[in-house]
Amino acid sequence: MTYEELIERLDPNVYRSLRQSIELGKWPDGRIVSREQRSISLEAVIHYENTHNMPEEERTGYIDRGAKAGTDCDPTVRMQKKAAKNAVKNDAANGSLDESSDGSEQYTEVKV
């Protein structure tokens with residue numbers, strides 16, 4: 001039996017138990033979940049959720065951004081803005097060609 005077959009046949013109760021153990025950091029009998037066990041269990045849970053086409057909002061690690069999605073409160077938007085700002089700085093530092101919004105070409109002078 002392959003790993004994929006095992007996950008496909010995994011009992012929903014075992015899935016819930018694995019997920020709870022990851023969340024709490026201990027097994028149902030009270031023993032601590034080691035880092036390696038947590039890593040393997042998390043991989044199995046994520047694979048189970050993908051294989052069984054669970055809705056995104058029910059999956060492990062899902063973050064509901066709600067009304068903040070796409071605003072400055074959304075960390076992904078801040079990361080995108082920061083990456084864009086860094087790209088502009090890098091282009092300016094390299095003396096790269098810059099195209100303005102009207103389609104004309106402009107060169108940025110960089111003093112070294």
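In which helix does Ser21 lie? Ser21 sits in helix H2, which covers residues 12–24; helices here are DSSP runs of H or I with at least four residues, numbered from the N terminus.

Before going on, note that this is a predicted model, where local features need pLDDT of at least 70 and side-chain atom pairs count only at pLDDT 80 or more, while totals for chains, interfaces and linings use all residues. Residues are numbered from 1 along each chain as its sequence is written, and side-chain values use heavy atoms, with hydrogens and water left out.

Ser41 belongs to helix H3, residues 35–51. For the accessibility column, buried means under 20% relative accessible area, exposed over 50%, and partly exposed in between (1.4 Å probe, protein chains only).

| Residue | Relative accessible area | Distance from a side-chain polar atom to a backbone oxygen |
|---|---|---|
| Ser21 | 3%, buried | 2.9 Å, to Ser17 |
| Ser41 | 6%, buried | 2.8 Å, to Gln37 |

What else do they touch? Contact means heavy atoms within 4.5 Å. Leaving out residues within four places in sequence, Ser21 meets Lys26, Trp27, Pro28 and Val33. With residues up to four places away set aside, Ser41 touches Leu18, Ile22 and Trp27.

Now for Leu6, which is found in helix H1, residues 3–8. Leu6 counts as partly exposed because its relative accessibility is 45%.

Notes
Helices (H or I, at least four residues) and strands (E, at least two) are DSSP runs, numbered from the N terminus. A polar contact is a pair of N or O atoms within 3.5 Å; within protein, one must be able to donate a hydrogen and the other to accept it, and residues adjacent in sequence count only if both atoms are side-chain atoms.
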